[in-house]
Amino acid sequence: MGLQRRTFLGMITGFAGAILSAPCVFSWPLRWRKVAGGEDSAPDGPAVEKRADDASGIKITTIRRTTLRDTTEDLSREPEVFYIRGDWRRWERSRSYSEHTKPDGSSQRIYGPRTVTIVRPDRAKMFELNLDASEYAESPWPPKKPQPLTKEQMAARGITMPPPAASTKPTFQIQTTTKDTGERKEIFGYLARHVITSRKEIPLEGSRRSPQETVTDAWYVDLDRWLYPTIYPQDLGDSKRPLRGGHAYVSVLSSRSQGPPEIPEFVDIGEPETGFAVQEIRTSWDSFTMPDGSTRKTEGESEKVVKLERGAYTTALFEIPIKFKRVDHIEPNPILG
């Protein structure tokens, strides 16, 4: 199953760390909020400058909880924290972890170190910190965009491209239905809209996939792009609204994969949601075939809650602590063995 499941590219990255201060709740003046059913109302002149000043002290905390109905395993992650002060960024990521099986058969979660990314465009530097080891590594900012590998580089790494599909006829359909419920409420000074999105994967003739469905029940706000929790704000562009995402499909094939790659067909029903989710509950259903030919179904639920705050955060959050030692590389993953 894992070899044929796809992942969709998300807009929003993860954030991590501990709360370092207690600022007031984030709030914008009423004239900056979007009125339900109307157009964005953006201030001009001094008001724009005031909003830019406000954006210099923003803290975004994200909490994610994940459960599966057929297991007691805790898949939740630690809180994630993102600070924005002007064009400075601080990203406190949740620790990565690996599941380790003990001799008695029980499972143990092994965590990696607490890590932080700091972006300082004024210094043309990006810093990676290991808080547990008091170490840091630095690299140029902005980073160079990765270049595609040549055929020789792919061969040296043992990477092979999947064979071309014998036909361009879709083998499964990804159907996305977006419905605005019409409900509105104020969240952090923004007028939030309640939207339910259903994404179904429907096998077509010739498909080896199993049906899947994900329902996302969420509240969205129109957040200014420069307040999005990303270390690459330049990729968001200059428009007030987030870029309308296209469709992305990623599959992983192994040498044991049988037949040509699956070909998706995308069908959108309703206007796709492009806002920033501040509250979200995602329920997914999946079915797959076991080695003995039987079918197994799974159901999972994930919850995301975002907290936006504004405050006068110390510049020390965006500096390298004095006693930290510079190294060539920071490893965020746990060391096993």
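Which residue in strand 7 is the bridge partner of Arg89? Select Val119: that is the partner of Arg89. Before going on, note that this is a predicted model, where local features need pLDDT of at least 70, side-chain atom pairs count only at pLDDT 80 or more, and totals for chains, interfaces and linings use all residues. Residues are numbered from 1 along each chain as its sequence is written, and side-chain values use heavy atoms, with hydrogens and water left out.

**The whole chain.** Colour by secondary structure and you get 2 helices and 16 strands; these are DSSP runs numbered from the N terminus, helices being H or I with at least four residues and strands E with at least two. Of the 337 residues, 33% count as buried, meaning under 20% relative accessible area with a 1.4 Å probe, protein chains only.

**Strand 7.** Now select residues 115-120: 6 of the 6 residues in strand 7 are buried. Thr115, Thr117 and Val119 point one way, while Val116, Ile118 and Arg120 point the other way. Strands 7 and 8 form a hairpin with 4 residues between them, and Ala124 in the turn has a positive phi of about 55°.

**The cores.** Next, show Val221, Leu223, Phe276 and Val278, which touch the most other members of the 22-residue largest nonpolar core. A nonpolar core is a set of buried Ala, Val, Leu, Ile, Met, Phe, Trp, Tyr and Cys residues joined through side-chain atoms within 4.5 Å. Another core, of 12 residues, lies apart from it and includes Val81, Phe127, Leu129 and Phe318.

**Rings.** Select Tyr83 and Tyr313: their ring centres are 5.1 Å apart and their planes at 75°, so this pair is edge-to-face (centres within 6.5 Å, planes over 60 degrees apart). Tyr83 is in strand 3 and Tyr313 in the loop between strands 15 and 16, 230 residues apart. Tyr83 has a relative accessible area of 0%, and Tyr313 has 5%.

Last stop: the charged end of Arg209 sits over the ring of Phe172, 4.3 Å from its centre. The cut-offs here are CZ of Arg within 6 Å of the ring centre and within 35 degrees of the ring normal.

Methods:
Buried < 20%, exposed > 50% of the residue type's maximum accessible area, 1.4 Å probe, protein only. Pairing = 2+ DSSP bridges. Phe/Tyr/Trp six-rings, centres within 6.5 Å; stacked < 30°, edge-to-face > 60°.
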